[in-house]
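Thanks for coming. I will go through one structure today, and I will keep to what can be read from the model.

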Amino acid sequence: MQKLVTFPNETLDFSEKAVITLTMPLHVTDVSSEKDTIQLRNLLDEASDNLKQSDVFDRDESLTLIDQVEATREYEDELVDSDGGLILYITTENAYYYHVDVAPVNGVTYDHRPNIIPLIKNYQYTRNYHVLLLNQEGIRLLEKSGGQLFEIDLKENDEDASAAQDAALGAESTSTAHDFGSKDTSEAGAGEFNSEHNDSIFEKQYDLKHYFSTVDHYIERNYSNKTGFPLILFGVKENQDLFREISENNYLLEESIDESASQLHDDQIQERIKEKEQEIIQKQEDELIERFEETTPENRIDDIPQDLALSAMQGQIEELIVEEGYTPTGSIDENGAYQDNNRTDYLFQLVNFVFNTDGNVYILPEEQMPDNVKLSARLRY
């Protein structure tokens with residue numbers, strides 16, 4: 001069993017391999033969690049029963065998948081321990097799962113490819129990210145992934161945290177760790193780069209720019225570069241301006257939370273972060289629709305299966321939007337030619353071509369799509 005948090009993900013490249021895709025919404029309350037466990041068991045029962053009767057897979061594949069389904073039951077608590085939703089892929093070799101913000105519908109599908117549409121809906125806008133609570137006395141680093149916001153224990157996770165701290169402060173210091181969830185508002189915003197005597201930073205007139213530079217390099221090296229998550233700054237504008245001046249982190253977002261966290265309870269911090277997430281998502285959504293509206297006809301392809309297929313295979317598609325629930329028939333051959341048949345491979349193949357050539361795919365409700373259009377692509381050139 002393996003948890004995944006990024007998409008696209010090489011682990012999901014189940015080329016022509018038998019895979020069961022299980023999706024369901026999740027809830028974090030005690031009562032709902034029990035219901036989620038029951039629902040998960042029901043879906044696993046459904047998968048096992050259907051495998052015994054289905055002709056989608058050959059006998060060996062079906063028997064192996066049944067064994068994998070039974071092995072998955074051992075991880076029930078882990079799988080439902082989140083809010084939002086669960087997307088579970090069971091293959092003949094292993095099982096992989098995502099905890100997502102955008103709750104999918106209950107369902108089980110059987111194919112020789114994973115159903116990635118629910119993942120696209122979840123990852124098409126910024127829902128996974130890091131938040132750096134920044135002040136002159138110390139930092140805290142939070143991560144939003146798998147549908148949950150949590151604080152990263154820098155010293156526990158990284159062997160070089162102490163060295164980075166000492167380098168930042170310019171002298172030996174003892175970290176005073178503050179758990180995310182502390183009720184003492186005077187501690188909110190303090191973290192692993194925090195000196196035991198906060199005032200010493202000012203008393204000894206340490207170079208604040210050097211301190212922020214060390215923080216920047218540390219976060220970039222240990223977190224941003226490893227996850228690819230965007231970084232949101234949370235702090236007063238004065239500190240943010242100085243941090244941006246020295247930052248070399250390519251994942252640092254323009255959007256920020258312009259407020260000191262030092263006097264906020266953790267539930268208030270979470271509220272501010274959730275508000276900023278929604279603001280960023282709305283902005284990205286609006287900009288996407290605007291880009292398509294402003295694209296000239298010669299640089300956009302609407303609902304022409306052959307042109308879309310060839311352009312995708314040749315890496316010419318920058319962005320592809322798909323109407324939610326649309327499942328066209330047909331397939332794409334090895335030469336990029338559209339085949340008008342009863343298969344339902346076309347959309348999956350098209351999406352894979354776009355992802356494999358560093359394009360982006362979005363699933364939109366009908367009201368956000370161009371009029372009378374199911375598939376639309378913006379070309380790179």
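Let me start with Glu-245, which counts as exposed because its relative accessibility is 55%, and the cut-off for exposed is over 50%. Please keep in mind that this is a predicted model.

What does the side chain of Glu-245 meet? It meets the side chain of Lys-209 in a salt bridge, at 2.9 Å from N to O. Lys-209 lies in helix α8, residues 208–227, and Glu-245 lies in helix α9, residues 237–246, so the pair ties together parts that are 36 residues apart in sequence. Lys-209 is partly exposed, with a relative accessible area of 36%.

How many salt bridges does a search of the whole structure find? It finds 23.

Here is another one. The side chains of Lys-374 and Glu-323 meet at 3.0 Å, N to O. Lys-374 sits in the loop between β15 and β16, while Glu-323 is in strand β12, so this pair ties together parts 51 residues apart in sequence. Glu-323 is buried, at 10% relative accessibility, and Lys-374 is partly exposed, at 32%.

The next pair lies within one helix. Lys-276 and Glu-279 form a salt bridge of 3.0 Å, N to O. They are three residues apart in helix α10, which means that about one helical turn separates them. Lys-276 is buried, with a relative accessible area of 12%, and Glu-279 is partly exposed, at 46%. There is also a network of salt bridges, linking Asp-101, Lys-144, Lys-274 and Glu-277.

Now a charged residue without a partner. Asp-36, in helix α1, is buried yet has no salt bridge. The nearest side chain of opposite charge is Lys-35, 8.7 Å away. Leaving aside neighbours within four places in sequence, the contacts of Asp-36 are Met-24, Pro-25, Leu-26, His-27 and Val-80.

On to the sheet. Five strands form an open, mixed sheet in the order β1-β4-β3-β2-β5. Its edge strands are β1 and β5, and each pairs on one side only. β1 and β4 run parallel and are joined by two bridges, and Lys-3 stands opposite Tyr-97 in β4. Helix α2 lies across β2, β3 and β4, running at about 140° to β3.

Last, the chain overall. It has 12 helices and 16 strands, and of its 381 residues, 49% count as buried.

Definitions and conventions:
Residues are numbered from 1 along each chain as its sequence is written. This is a predicted model: local features need pLDDT of at least 70, side-chain atom pairs count only at pLDDT 80 or more; totals for chains, interfaces and linings use all residues. Side-chain values use heavy atoms; hydrogens and water are left out. Helices (H or I, at least four residues) and strands (E, at least two) are DSSP runs, numbered from the N terminus. Buried means under 20% relative accessible area, exposed over 50%, partly exposed in between (1.4 Å probe, protein chains only). Two strands pair if DSSP finds at least two bridges between them. Contact means heavy atoms within 4.5 Å. Axes are lines fitted to C-alpha atoms, for helices over the stretch in contact, and angles run from 0 to 180 degrees between N-to-C directions. Lys and Arg count as positive and Asp and Glu as negative; His and the chain ends are not counted. A salt bridge is a side-chain nitrogen of Lys or Arg within 4 Å of a carboxyl oxygen of Asp or Glu.
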